[in-house]
Amino acid sequence: MSEKKVDFFSEQWLKKYQEILNKNAAYKDAAKDWEGDFIFQIDADGSTVKEPARAYIDLWHGDCRKVALAAPGQKAAFEYSGPLKNWKLLLAGQIDPIKGLMARKFTLKGDMGKVMRYTKAAAELVATAVKIPTKFPDEK
Amino acid sequence: MVWWFSVPKVIFGEDALTTELEQLSGKNAFILTDKVVMGFGFPERISEILHDHQWSVAIWDNAEPDPRVSSVKSAAEAMRRFSTDTIIAVGGGSVMDTAKAAWVLYEHPEIQLEAITPLQPLDLRHKARLVCIPTTAGTGSEATKAVVIREDQTGRKFATNNAELCPDIAILEPGFVKGLPKELTAYTGLDALTHAVEAYVSVWKNDFSDACTLKTVQMVFEWLPKSVADLTDLQAREKMLIAADLAGMSFSNSQVALGHSLGHSLGSVLRVQHGLAVGLSLPLTIEYNCKDKPETAKLYAELAALVGIKKADPELAARAFAKKIRQLQASVGFPTSLKKAGVSEKDFNDGLDKLVQYAMMDSSITMNPRDIDSGGIRKMYEYMYSGTPVDF
Ligand SMILES: NC(=O)c1ccc[n+]([C@@H]2O[C@H](COP(=O)([O-])OP(=O)(O)OC[C@H]3O[C@@H](n4cnc5c(N)ncnc54)[C@H](O)[C@@H]3O)[C@@H](O)[C@H]2O)c1
Ligand SMILES: [Fe+2]
């Protein structure tokens, strides 16, 4: 039987993300010196997503220390954002996270020099989200 | 998804150099080179042609192998003093990469080189254009968006790319590689082969890059042994220049993979020449990547078929291809292990932790078709040190 789907960017989804990331040995290995928090954002699209949905993820030395829904003005060292339709493709494994940035399907803000030293860890961050059976806001 | 394939204008064949330089437009040409290439008189030859066409020319010959940020900065400063409108890089990958990075700082002194990614616009070409003339047949940097620079403090090489870094013009002049000694001919030739093979299995592979790879693999197997056997064979030199350029086009648009992560780190920590470093890595990465990865094995099998390997089982074909590359290496006097390349056991053991750390930090690792962790990388280096085929 397949796992029950959880709502994208809900508290439950974020907890699940934290749980899977903390069990991901490849992430721990690649991010063992990483210091810096992230905000993931689903951009507002004027229809399904009225306000930007934001998730805060605190990452420290290979550990995901905290996850929480984030307020509009909340800051983090890095911010990765894109519209819902692209998040759906990303989570379906149909968009490569870096190619997605190059094709302007997502944007990334933050210290690029640092990201370039941790591309493997960044790829694992996305690979972790792919593992969660997700229910998107436009799904019944 | 949308994708881009960028290449420069490439000029090759008889009189390529003179023909192109005579047509070049601009006023102030900044020839960037190194002392070795300077000694061959190539920059002077270019300067003479340009002088005949009313150019002002400055020659800067301070480029260093595996350039550091500080060296790049002094090149940029010299470009500024000369009000450069055309940068002409004449040299190996190190010279061409110095030129690319200095060009960025010349146009925008505020840019941090470590922070260049494929993502953001660099906004180049307001002040100058870039012409590259390679004097080694390997890196293909004259045709790539890539640049590799070393941090001053740590010595770590970092590789990045951006579409705007693709040179405007690449001139392939076989006479300029004729003086390349046997060892460097072999090392740089293996760099070209590594670019081609890695691009073909990279997670960003695409049909345009694949086409370049297929031709490169055939050409390297045919012409590298001839280049090494007779260093004055101009036809072989030209074919290797073209092969390296094609390989550059291939990986520039699809990326390199694990072999370059291992290689860049070897260049950083043990100062192993780039072609030697990636060439040693290549067969090991093929053996690693083909295991339990039927789709990747099939890609290697396609390349293997080009050099006469026919096996029904793709993994066996891939392993035979790795063996064939080792045979090619042996035929051109390329060492079969890090140990045979002259790295002492002490230096290797002392450097191993750093080697692993820097390889993990290299962005090409993300492009590899099979995942690897730091334990796997450590093992790769150990196998490379002794020259043992990979079985894990
Ligand atoms: N940007 C890219 O696309 C790209 C691709 C691959 C490698 N690289 C980088 O390029 C560098 C390696 O370049 P390379 O392999 O061409 O070596 P190199 O440019 O470092 O040159 C090696 C040595 O050969 C000498 N040399 C150059 N031309 C010669 C000639 N015709 N005859 C005799 N000696 C000559 C140089 O002076 C130097 O001492 C590395 O830093 C590597 O990381 C860049
Ligand atoms: Fe290379």
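Predicted model: local features only at pLDDT ≥ 70, side-chain atom pairs only at ≥ 80, totals over all residues.
In chain B, helix α1 spans residues 16-23 and helix α3 spans residues 42-51. Their axes come within 9 Å of each other and cross at roughly 40°, which makes α1(B) oblique to α3(B). The crossing is right-handed.

On the α1(B) side, the contact is made by L17(B), T18(B), L21(B) and E22(B). The α3(B) side contributes R45(B), I46(B), I49(B) and L50(B). By class, the residues of this contact are five nonpolar, one polar and two charged.

## The buried face of α3

F42(B), P43(B), I46(B), S47(B), I49(B) and L50(B) are the buried residues of α3(B). Viewed down the helix axis, they fall within an arc of 160°, so they line one face of α3(B). An α-helix has 3.6 residues a turn, so residues three or four places apart point the same way.

## Helices α9 and α10

Helix α9 (residues 258-269) and helix α10 (residues 274-290) of chain B have axes that come within 8 Å and cross at roughly 145°. α9(B) passes α10(B) in a right-handed crossing.

From α9(B), the contact involves L258(B), G259(B), H260(B), L262(B), G263(B), H264(B) and L266(B). From α10(B), it involves H274(B), A277(B), V278(B), S281(B), T285(B) and Y288(B). The residues of this contact divide into six nonpolar and seven polar, with no charged residues.

Notes. Residues numbered from 1 in each chain as written. Chains lettered and ligands numbered in written order. Heavy atoms only, no water. Axes fitted to C-alpha atoms, helices over the stretch in contact; angles between N-to-C directions. Helix = DSSP H or I, 4+ residues; strand = E, 2+ residues; numbered from the N terminus. Parallel < 35°, antiparallel > 145°, perpendicular 65-115°, else oblique. Left-handed = near helix turned anticlockwise from the far one by under 90°. Contact = heavy atoms within 4.5 Å. Nonpolar A, V, L, I, M, F, W, Y, C, P; charged D, E, K, R; others polar. Buried < 20%, exposed > 50% of the residue type's maximum accessible area, 1.4 Å probe, protein only. Arc of directions from axis to C-beta.
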